[in-house]
Amino acid sequence: MGIDKESDISANLQIGPTTLGMVRIYLEADGLELPLDFEPEEAEEIAEELRAAAEAARSMGGAKGKSPKR
């Protein structure tokens with residue numbers, strides 16, 4: 001599956017700090033649990049990439065008003 005393909009898979013996404021000073025992105029889907037830990041600087045870079053992708057999607061006339069699949 002590529003990044004530009006639709007999917008019927010539902011997932012739960014949680015983001016928060018860990019007790020060790022890392023930022024954790026926790027993904028859970030269909031029995032899979034995937035904790036991804038990042039240094040704060042890496043998390044900021046990811047946040048910038050998310051903002052840039054959101055802006056690009058807006059400029060392409062993305063799904064306005066629809067809630068994201070999670």
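D30 is exposed, with a relative accessible area of 68% (buried means under 20% relative accessible area, exposed over 50%, and partly exposed in between, with a 1.4 Å probe and protein chains only). D30 is placed in the loop between β2 and β3; helices (H or I, at least four residues) and strands (E, at least two) are DSSP runs, numbered from the N terminus. The phi of D30 is near 45°, a positive value in a residue other than glycine. Most residues other than glycine have a negative phi.

The model is predicted: local features need pLDDT of at least 70 and side-chain atom pairs count only at pLDDT 80 or more, while totals for chains, interfaces and linings use all residues. Residues are numbered from 1 along each chain as its sequence is written, and side-chain values use heavy atoms, with hydrogens and water left out.

Strand β1 (residues 12–17) pairs with strand β2 (residues 23–29) in the antiparallel sense over 6 bridges, where pairing requires that DSSP finds at least two bridges between two strands. N12 has E28 of β2 as its bridge partner. The two strands, β1 and β2, form a hairpin with 5 residues between them. Within the turn, G21 has a positive phi of about 80°.

In the segment before β1 lies S7. S7 is buried, its relative accessible area being 18%. A polar atom of the S7 side chain lies 3.0 Å from the backbone nitrogen of I9.

A nonpolar patch on the surface is formed by L13, I15, L27, L32, L34 and L36, with about 490 Å² of accessible area together. The elements giving two or more residues to this patch are β1 and β3 (32–38). Strand β3 gives the largest share, 3 residues. Patches are made of residues with over 30% relative accessible area and no salt bridge, like charges being joined within 9 Å and nonpolar side chains (Val, Leu, Ile, Met, Phe, Trp, Tyr) within 5 Å. Accessible areas come from the Shrake-Rupley method with a 1.4 Å probe, and for residues only the protein chains shown count as cover. L32 lies in strand β3 and is partly exposed, at a relative accessible area of 49%.

A search of the whole structure finds 2 salt bridges, a salt bridge being a side-chain nitrogen of Lys or Arg within 4 Å of a carboxyl oxygen of Asp or Glu. Side chains of opposite charge can pair when their charged atoms come close. R24 counts as partly exposed at 32% relative accessibility, and D37 is partly exposed with a relative accessible area of 36%.

The side chains of E55 and R58 also meet in a salt bridge (3.1 Å, N to O). Both residues, E55 and R58, lie in helix α1, 3 residues apart, about one turn of the helix. An α-helix has 3.6 residues a turn, so residues three or four places apart point the same way. E55 is partly exposed, with a relative accessible area of 46%, whereas R58 counts as exposed at 54% relative accessibility.

Helix α1 (residues 40–59) has 20 residues. From its first C-alpha to its last, α1 reaches 29 Å, close to the 28 Å expected at 1.5 Å a residue; the expected span is 1.5 Å times one less than the number of residues in the helix. After α1 comes G61, whose phi is positive, near 75°.

Key. A polar contact is a pair of N or O atoms within 3.5 Å; within protein, one must be able to donate a hydrogen and the other to accept it, and residues adjacent in sequence count only if both atoms are side-chain atoms.
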